[in-house]
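Trainee: I have just opened this structure and would like a careful walk through it. Could we start with the terms and then go to the residues?

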Amino acid sequence: MNVEDLEHKPRHRLNDGALYRRLLRQARPFWLHIVGLFVLGLLQTPLSLLVPLPLKIVVDNVLGSEPLPDIATRVLPAAWTSSPAALLVVAAAFVVLVALLMQLRQLGATVLRTWTSERMVLDFRARLFRHVQRLSPVYHEKKGAADAAYRIQRDAPSVHYVAVDGVIPFVTATATIVSMLYIVVRLDWQLAMVACGVAPILFLASRYYRVRLRQRARAAKRLESRALSIVQEVLTSLRVVKAFGQEDREQNRFTATSEAGMRQQVRLAASQAALDLLVGVTTALGTAAILFLGTRHVIDGVLSLGDLLLVMSYLAQLYDPMKTISRKVASLQNHLASAERAFALLDELPDVPEADEPVRIERARGAVVFREVTFGYDDEPPVLNGVSFAVAPGQRVGIVGRTGSGKSTLLHLLTRFFDPEEGEILLDGVDLRHCAVADLRNQFAIVLQDPVLFSTTVGENIAYARPNATADDVVAAARAANAHAFITELPDGYDTPIHERGMRLSGGERQRIALARAFLTDAPVLLLDEPTSSVDVGTEAGIMEAMERLMHGRTTFMVAHRLGTLKSCDILLQIEPDGRLRHLETLEDSDLRVLGPDTDAGPAPRKAAG
């Protein structure tokens, strides 16, 4: 896919009404906090109305000879209004008092807004993260892990912007406009009409730019997500990149995508700046018209000079919210584009839905039956075609087949990463689709060809499936896996941190930690997917000894390309190239001449079958 395709590729769409409803539902648990922010926001309007009053008093009543407004004579003691000097002190004190009240309001609003926003985003991110873990490996292999990461980290904050930083300023700005307009009408209705004349222009400008801004924001986010995917791909495959000397090629690929994203960001910024220019020029024309007309009214005696200063001050506070609304409409499109992407992720349906009334499983006996199971990835030909076999509790099943024939897919169906298109898979006589997904997966311990280790300590990696395991349990599992000796030689023993994916450990050491994890899991069904394919013969002997202990008393499915690994199996299955199953009496019955490592593990591309 080239960069131009990414810039224009259509995406999930929600109309604005549906989008706002979903965002507000997400924000519903915080409605009390949002109400508090509304109240604090609305307090800004009366405080803003008080800001220019000291200046009017000084101009009209201290420097001039205009009578005090009736409300001032009723509220203030006579001693405070008896002389210009006293009024000047009152005006100066009033400036300080209003400023203090405005700062206290701002302090409360800032703390409450920050807590509400951060908590709201945290909850939304947690919801997205929980959901992406339920999606099948198919989705993540098609979209890439970086796309989901971008949506969780960069798109999720849209919920707080729309609900807190978008809606609340919009409402408070509207209240300010109405209040200021009312005051200006009371002072001079003609000036109020001129002030309102700019509103239709601002509305039409915002409406015109809304669609353009949303489109450009979508394109920019797609390209940013793609650039992040390239970085992740290269860093996780850095040894391959270096081995083939492809650093410059990957640099060019990243730069091309990032430059396309930069162009979209420039276009987005240009559109926003154009809207700001139009808003600024329009409000400047309105201000100039009111200044001209207001000055004429002062000359004609319709307004006092203090009233004109009051009108001009209120006009600035009238136009500022108008600018805020117009700019919010512009910046809102960027966040609505993010919200679309976040909700599109939530709308992805898991491939393995939970049953309405799932069957709970404490500990399975381990009887497994495949009945005419057919499965294929996407619209490709079936990987498994009419597969049927039965396994009694405690039996060992060896699975062979050429690379891409469907061996790993069979294991994925057992753990219900996918559901069969036809047929059924039974565990202890119960269709897997009727079992509680979490209970079902607790019945399996898995050891893969390339062990997956996490960036935490050795002990925590072993206890991954049983986080509440004791230190003695962890050590016992490591001893059973023949891992205790090398672990104790590490700098901090079981507390030694494992760096990303455990790349500083040898293949055999990683595999023995994975075996220790399986021992500690103590599941009734064991799945071994090429567990010794990446280790040397000497290391394999130690691993096979540990696996023999691990398999004892457990139903075991073992995929292997070294046929000798399967010699202890009770049942031997060979998956043919057409996806059908062949039951072998002995390994010598296999028609496989060359078996390569089963390196595939996913549905896309087609060879991911196993």
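Mentor: Let us begin with burial: a residue is called buried under 20% relative accessible area, exposed over 50%, and partly exposed in between, using a 1.4 Å probe and protein chains only. This is a predicted model, in which local features need pLDDT of at least 70 and side-chain atom pairs count only at pLDDT 80 or more, while totals for chains, interfaces and linings use all residues. Residues are numbered from 1 along each chain as its sequence is written, and side-chain values use heavy atoms, with hydrogens and water left out.

Trainee: Okay, how many salt bridges does the structure hold?

Mentor: There are 19 salt bridges in the structure, where a salt bridge means a side-chain nitrogen of Lys or Arg within 4 Å of a carboxyl oxygen of Asp or Glu. In general terms, side chains of opposite charge can pair when their charged atoms come close.

Trainee: Which residue does Glu224 form a salt bridge with?

Mentor: Glu224 pairs with Arg154, and the closest N and O atoms are 3.8 Å apart. Glu224 lies in helix α12 (residues 199-236) and Arg154 in helix α9 (residues 145-155), so this pair ties together parts that are 70 residues apart in sequence. Helices here are DSSP runs of H or I with at least four residues, strands are runs of E with at least two, and both are numbered from the N terminus.

Trainee: And is Glu224 buried, partly exposed or exposed?

Mentor: Glu224 counts as partly exposed, because its relative accessibility is 23%.

Trainee: Where do Arg396 and Glu548 lie?

Mentor: The side chains of Arg396 and Glu548 meet in a salt bridge of 2.8 Å, N to O. This pair links distant parts of the chain, since Arg396 is in strand β3 (residues 396-401) and Glu548 in helix α22 (residues 537-551), 152 residues apart. Arg396 is buried, with a relative accessible area of 11%, whereas Glu548 is partly exposed at 36%.

Trainee: Switching to the surface, which residues gather in the patch of positive charge?

Mentor: That surface patch gathers Arg21, Arg25, Arg28, Arg127, Arg130 and Arg134. The elements giving two or more residues to the patch are α2 (16-27) and α7 (84-134), and the largest share, three residues, comes from α7. Patches are made of residues with over 30% relative accessible area and no salt bridge, with like charges joined within 9 Å and nonpolar side chains (Val, Leu, Ile, Met, Phe, Trp, Tyr) within 5 Å. Lys and Arg count as positive and Asp and Glu as negative, with His and the chain ends not counted, and the place of a charge is NZ of Lys, CZ of Arg, CG of Asp or CD of Glu.

Trainee: Why does Arg130 count as exposed?

Mentor: Arg130, which has its place in helix α7, counts as exposed because its relative accessibility is 51%.

Trainee: Then which residues make the nonpolar surface patch?

Mentor: Leu97, Leu100, Leu101, Leu104, Leu107 and Val111 make a nonpolar surface patch of about 560 Å², an area of the kind computed by the Shrake-Rupley method with a 1.4 Å probe, where for residues only the protein chains shown count as cover. Leu97 lies in helix α7 and is partly exposed, with a relative accessible area of 44%.

Trainee: One last topic, where is Ala523 found?

Mentor: Ala523 is in the loop between α21 (507-521) and β7 (525-529), and at 1% relative accessibility Ala523 counts as buried. Leaving aside neighbours within four places in sequence, Ala523 is in contact (heavy atoms within 4.5 Å) with Arg363, Asn442, Gln443, Phe444, Ala445 and Arg554.
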